[in-house]
Amino acid sequence: MTSTANPSQVLEFQCQCGAIQGAVHETAPPTGRRLVCHCNDCQAFAHYLGKEKLMLDDHAGTHVYQMDSSKFTINKGQDQLACVTVTGGPLLRWYCATCKTPIANTLSSTRFAFLSLILSGFDRGKTDALLGREVEHVAIPSGVGELGKVRTANMPGMLWNLLVRTIKARFNPELKKSPLFDDTTGKPLAVPVKLEPAERLAIDEKADIYREVLAEIK
Ligand SMILES: [Zn+2]
Ligand SMILES: [Zn+2]
């Protein structure tokens with residue numbers, strides 16, 4: 001097998017304070033999926049960071065790109081990485097410890113070899129050019145406003161992608177690489193913050209108010 005298939009294209013990432021810098025290296029056509037997730041946990045993450053205006057669209061959706069973790073690199077500021085679990089479960093939500101720019105969501109192990117890159121910090125035009133414009137929606141009932149006509153994500157298709165990635169990564173350790181995990185130990189580069197139940201409750205109240213305001217101003 002040769003590696004001449006498609007030229008790699010680059011989408012640069014920088015957090016708001018500039019401490020963390022990295023890039024997405026994608027092929028043409030892109031192999032990931034653009035999703036908009038309207039779920040309460042993604043909204044809770046935005047409110048936890050105080051970045052709801054940056055992260056959430058008019059329908060309280062978070063735009064992400066589900067991709068191979070090895071195609072995202074961080075070349076500066078790995079010591080500034082922080083992560084939180086908003087449910088206490090295995091989903092880690094990554095951000096810059098200093099400026100709270102969201103970065104990505106991952107599982108707590110590199111076994112699945114994928115990450116959901118949060119697109120709010122990227123240039124929109126470049127994002128569309130490199131990752132394609134086709135977007136699918138997830139968790140529509142938790143969104144705000146009219147979402148009846150949007151394209152919904154096909155769950156069996158998503159699971160199939162995940163399965164294929166996991167199997168490929170089992171035979172090719174290069175694919176398990178992630179800039180958010182230690183290559184040798186496979187452990188996350190930051191200790192996950194766990195929200196206290198009272199903290200999560202307060203965030204959910206804030207999210208409720210934010211949804212009401214979004215619905216009102218539409
Ligand atoms: Zn930063
Ligand atoms: Zn979500």
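Predicted model: local features only at pLDDT ≥ 70, side-chain atom pairs only at ≥ 80, totals over all residues.

Visitor: What makes β8 and β9 paired strands?

Guide: Pairing requires at least two bridges, and β8 and β9 share two bridges in the antiparallel sense. They therefore count as paired.

Visitor: And how do you know that β4 and β9 pair?

Guide: Here there are five bridges, and the strands run antiparallel. With at least two needed, β4 and β9 therefore qualify as well. Q66 stands opposite S116 of β9.

Visitor: Where do these strands sit in the sheet?

Guide: The sheet is open and has eight strands, in the order β10-β3-β4-β9-β8-β7-β6-β11, with mixed pairing.

Visitor: Why are β10 and β11 called edge strands?

Guide: β10 (135–138) and β11 (193–194) each pair on one side only. Further along, β6 and β7 are antiparallel over four bridges, and V84 stands opposite R93 in β7.

Visitor: What makes β9 mostly covered?

Guide: Five of its five residues are buried. On one side these are F114, S116 and I118, and on the other L115 and L117, so both faces are covered.

Visitor: Why is L81 called buried?

Guide: Buried means under 20% relative accessible area. L81, in strand β6, has 7%, so the residue counts as buried. Leaving out residues up to four places away in sequence, L81 touches I20, I74, W94, Y95, I103, P179, L180, L189 and A190.

Visitor: What makes a group of residues a nonpolar core?

Guide: The members must be buried nonpolar residues joined through side-chain atoms within 4.5 Å. The largest such core here has 26 residues, and those with the most contacts inside it are I20, F72, W94, I103, L117 and L180. Several elements supply at least two residues each, including β1 (8–14), β5 (72–76) and α3 (124–131). The largest share, three residues, comes from β7. A second, separate core of 25 residues includes M55, V84, Y95 and A153.

Visitor: Which residues does L180 contact?

Guide: Apart from neighbours within four places in sequence, L180 is in contact with I74, L81, W94, A104, T106, L115, K187, P188 and L189.

Visitor: How do you know which atoms coordinate the zinc ion (ligand 2)?

Guide: A donor must be an N, O or S atom within 2.8 Å of the metal. The SG atoms of C37, C39 and C42 are at 2.2 to 2.3 Å, so they count as donors. Their spacing in sequence is C-x1-C-x2-C.

Visitor: Why do C39 and C42 count as buried?

Guide: The limit is under 20%. C39 has 19% relative accessibility, so this residue counts as buried, and C42, at 6%, is therefore buried too.

Visitor: What makes α1 and α5 roughly perpendicular?

Guide: The label covers angles of 65 to 115 degrees. The axes of α1 (residues 40–49) and α5 (residues 197–217) cross at roughly 100 degrees and come within 9 Å. The two helices are therefore roughly perpendicular to each other. Among the residues making the contact are N40, H47 and Y48 of α1 and I203, Y210 and R211 of α5.

Terms used
Residues numbered from 1 in each chain as written. Chains lettered and ligands numbered in written order. Heavy atoms only, no water. Donors = N, O, S within 2.8 Å, 3.2 Å for Na, K, Ca; no water. Buried < 20%, exposed > 50% of the residue type's maximum accessible area, 1.4 Å probe, protein only. Contact = heavy atoms within 4.5 Å. Axes fitted to C-alpha atoms, helices over the stretch in contact; angles between N-to-C directions. Parallel < 35°, antiparallel > 145°, perpendicular 65-115°, else oblique.
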